[in-house]
Amino acid sequence: MSDLDAIVKAYDIRGLVPDQWDEDVARALGAAFTRATRGGAVVIGHDMRPSSPALAAAFARGVTEAGWDAVMIGLCSTDGLYHASGVLDLPGAMFTASHNPARYNGIKLCHAGARPVGQDTGLADVQAAAAAYLADPDSLPVAQTPGRVSERDLLASYARYLRDLVPLEGIRPLKVVIDAGNGMAGLTAGAVLDVDAGLADLGLELVRMFFDLDGTFPNHEANPLDPANLVDLQAAVIAEGADIGLAFDGDADRCFVIDERGVAVDPSALTAMVGLREAQKELDAGRPATVIHNLITSRAVPDLLGAAGAQTVRTRVGHSFIKAEMARHNAVFGGEHSAHFYFRDFFYADSGMLAAMHVLSVLGREDLALSDLGAMYTPYHASGELNHRIDDPDAALGRIRAAYADDIDSGRVRVEEFDGVTYSHWESSPRWWFNVRRSNTEPLLRLNVEAEDEDIMVKVRDGITRLIEG
């Protein structure tokens, strides 16, 4: 029997197939989901991984045996599933392992209207019910009248929805290189930004890389957070003389942006850029504007948005936390350092494609190169997220605290235990801060450092790295 504790994470389900979970587990999870949400039907989508169709079908079997209907939308991106959940007002299940290697698969669940499902919002209940069903298969619910399975094609609807949110007609001609990483952007990018779904031509010149849907990832892993997976796109942008490059992860809910020099644009800069656009619409209408950002985003985000008159709210890393905070504050936008971008007008959900469209809109309406635009939103120097795989994270955290004990006692350095531990010297010169936190999904300590000056950032980064590694 599957160990559900090993695959149920803080805000999704993810593990090796078939080692950690299989179709029997998916069926039990489908039945369990009907007990943890409302709606009478579930919309179900999946990515291009070889195991995804069978797992999605097994989940649907658990749903229909429990008496609910299953609306199958087939191949889609995760934000495509959120769109379906939003417009159909149904709970949803997306079968994907996002950026993980090919042998992994998982489920991202949402309540109706794409509202998040995490440990505190239904996922613990799903796990408990599924565990009971797996322990006693005879206890699986069997309705007198089973639910029905139907199929819907919502790709064109999704593309139109995004185009209505960010019109791109009338921008200057742009040459755009897109690396889909053999993931779901291979389906959605052409539908939204080109004519693949039958929509009007936007006049963009698209250079398509690795658009064939292939969940074995023959070219590189669909994880743009790893710089090694951006190399092909960076080279292509330069070789093509393109204005911009876009890299999507496996389920296309994250987007990384490459400028015309082949340099990655910091996701915090994108958070500030898109956040200012979304906030300004509210401010221009005389309404207050709130933007959510997670703990690791650059201090430039609250600085720039605050100067524009918007309010910023900081939250934990992770999509279920961001979405919950956005709903609580009626925030117009949210951004994470990992290139997840969330939109109130998109059911408070994240969409890498929608973020990309905002960047294209800004770039296409300015007579500036993307590198110049990016610099406007990057006043500070950051290390990026550095992952350290160590045997004793508690000892590493203890070494860091001991090293800063005198500065903490004197008040020169502030310590905040919120989503890991943040040490801040931002109130006086030289300004710097760093955060160390445990991964939710891997045996890692993650380090992020930012400073006003690059040499200070490097000094702090290297010093903390030595303390972590002992």
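This briefing describes salt bridges in the structure shown above. The model is a predicted one. Side chains of opposite charge can pair when their charged atoms come close. In total, the structure holds 26 salt bridges, and several of them are described below.

**A pair between distant parts of the chain**

- D194 and R208 form a salt bridge through their side chains, with 2.9 Å from N to O.
- This pair links distant parts of the chain, the two residues being 14 residues apart.
- D194 lies in the loop between α7 (185-193) and β9 (205-209), whereas R208 belongs to strand β9.
- D194 has a relative accessible area of 17% and is therefore buried, since the cut-off for buried is under 20%.
- R208 is partly exposed, at 36% relative accessibility.

- Helix α9 (residues 267-284) contains both E278 and K281, which are three residues apart, or about one turn of the helix.
- E278 is buried, its relative accessible area being 3%.
- K281, by contrast, is partly exposed, with a relative accessible area of 40%.

**A network of salt bridges**

- Salt bridges link E282, R287, R344 and D345 in a network.
- Within this network, R344 forms a salt bridge with D345, and their closest N and O atoms are 4.0 Å apart.
- R344 counts as buried, with a relative accessible area of 18%.
- D345 is partly exposed, at 33% relative accessibility.

Key: Residues numbered from 1 in each chain as written. Predicted model: local features only at pLDDT ≥ 70, side-chain atom pairs only at ≥ 80, totals over all residues. Heavy atoms only, no water. Helix = DSSP H or I, 4+ residues; strand = E, 2+ residues; numbered from the N terminus. Buried < 20%, exposed > 50% of the residue type's maximum accessible area, 1.4 Å probe, protein only.
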